[in-house]
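The paragraphs that follow lead through one structure step by step, from the confidence of the model to its core, its pockets and a few individual residues. Please keep the sequence and the coordinates at hand while reading.

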Amino acid sequence: MTTDEAQRDMRFSYFSGAPGMLASAFAWLIAGFVALRGSPSSAVLALFAGGMLIHPVGVLLCKAMGRSGKHSKANPLGALALENTGWLILCMPITYAVAQYNVLWFFPAMLLVIGGRYLTFHTLFGMRIYWACGASLAFVGYLLAASKSQPHLAAFAGAAVEAAFAAAILLRARRAAAV
């Protein structure tokens, strides 16, 4: 399988990643509401819990949209998908430690981690928009940390950025499927 074929398989199977990104935006949104109504610590736990559901919810959304939510077993990019998920999981203790030091830094730190992860999605899906998405999340994370933004605002910002990019990716994927 060539790189182009592997990326095409990933784009088709996962609807270019948009359903997973929508699930992630929803997790950020829930964490924002938890931060607004409850404590920042509860919002941290809400994002962690929501984060564990992103892949299964994304797969369900893929299936609801007529895609399998599963790439070909012969796809060599499957390993990269698993590896960047491992990197994300290994970053969680760091973001949690940051929250113990200063809870205002947790959501910006997560935006930086997630932004870095999305940079690899360019290779997974063959779509440059993921570079813009990753850079945008990291930039927003930096601005929120520098401005000492409240946790609910940072979580809502994460939700907004991911929802906007998911919508753009979904539109591109639908246009590509129509051709």
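Which elements of the chain have the lowest and the highest mean pLDDT? The model is a predicted one, and among the elements of its chain the lowest mean pLDDT, 90, belongs to α4, whereas the highest, 97, belongs to α7. Taken over the chain, the mean pLDDT is 93, with 99% of the residues at 70 or more.

The largest nonpolar core holds 46 residues, and the members that touch the most others are M21, W28, L47, F107, Y118, F125 and Y130. Eight helices each supply at least two residues of this core: α1 (3-13), α2 (18-37), α3 (40-64), α4 (77-101), α5 (106-119), α6 (121-125), α7 (129-146) and α8 (151-178). Of these contributions the largest share is that of α8, from which ten residues of the core come. As a general background, nonpolar side chains in soluble globular proteins tend to be buried together.

Once neighbours within four places in sequence are left aside, M21 is in contact with Y118, Y130, C133, E162, F165, A166 and I169.

The helices α2, α3, α4, α5 and α6 each give at least two residues to the lining of the largest pocket, and the largest share, ten residues, is supplied by α3. Sorted by class, this lining comprises 24 nonpolar, ten polar and two charged residues.

The second largest pocket contains about 200 Å³ of space, and its lining is formed by R8, R11, F12, S16, R67, M127, R172, A173, A176 and A177. By class, the lining of the second largest pocket divides into five nonpolar residues, one polar residue and four charged residues.

The loop between α1 and α2 deserves a separate look for its backbone. As a rule, most residues other than glycine have a negative phi. In this loop lies F15, which is not a glycine and yet has a positive phi of about 50 degrees. S16, which lies in the loop between α1 and α2 as well, also has a positive phi, near 60 degrees, although S16 is a residue other than glycine. F15 counts as buried because its relative accessibility is 5%, and S16 counts as buried because its relative accessibility is 4%. S16 also belongs to the lining of the second largest pocket described above.

Apart from residues within four places in sequence, N75 is in contact with M1, A6, D9 and M10. N75 and M65 are ten residues apart in sequence, while their C-alpha atoms are 22 Å apart in space. A74 also has its place in the loop between α3 and α4, but at 56% relative accessibility, A74 counts as exposed. A74 and M10 are separated by 64 residues in sequence, with a distance of 11 Å in space from C-alpha to C-alpha.

A last stop is H122, whose place is in helix α6. Is H122 buried or exposed? Its relative accessibility is 18%, and because the cut-off for a buried residue is under 20%, H122 counts as buried. When residues up to four places away in sequence are not counted, H122 touches Q7, M127, R128, Y130 and W131.

Notes:
Residues are numbered from 1 along each chain as its sequence is written. This is a predicted model: local features need pLDDT of at least 70, side-chain atom pairs count only at pLDDT 80 or more; totals for chains, interfaces and linings use all residues. Side-chain values use heavy atoms; hydrogens and water are left out. A nonpolar core is a set of buried Ala, Val, Leu, Ile, Met, Phe, Trp, Tyr and Cys residues joined through side-chain atoms within 4.5 Å. Buried means under 20% relative accessible area, exposed over 50%, partly exposed in between (1.4 Å probe, protein chains only). Helices (H or I, at least four residues) and strands (E, at least two) are DSSP runs, numbered from the N terminus. Contact means heavy atoms within 4.5 Å. pLDDT is the predictor's confidence in each residue, from 0 to 100. Ala, Val, Leu, Ile, Met, Phe, Trp, Tyr, Cys and Pro count as nonpolar, Asp, Glu, Lys and Arg as charged, and the others, Gly among them, as polar. On a 1 Å grid over the protein atoms alone, a cavity is a set of points where a 1.4 Å probe fits but cannot get out, and a pocket is an open set with protein on both sides within 12 Å along at least five of seven lines; lining residues have an atom within 4 Å of a point. Grid points are joined across faces, edges and corners, and a volume is the space filled by probe spheres set on the points.
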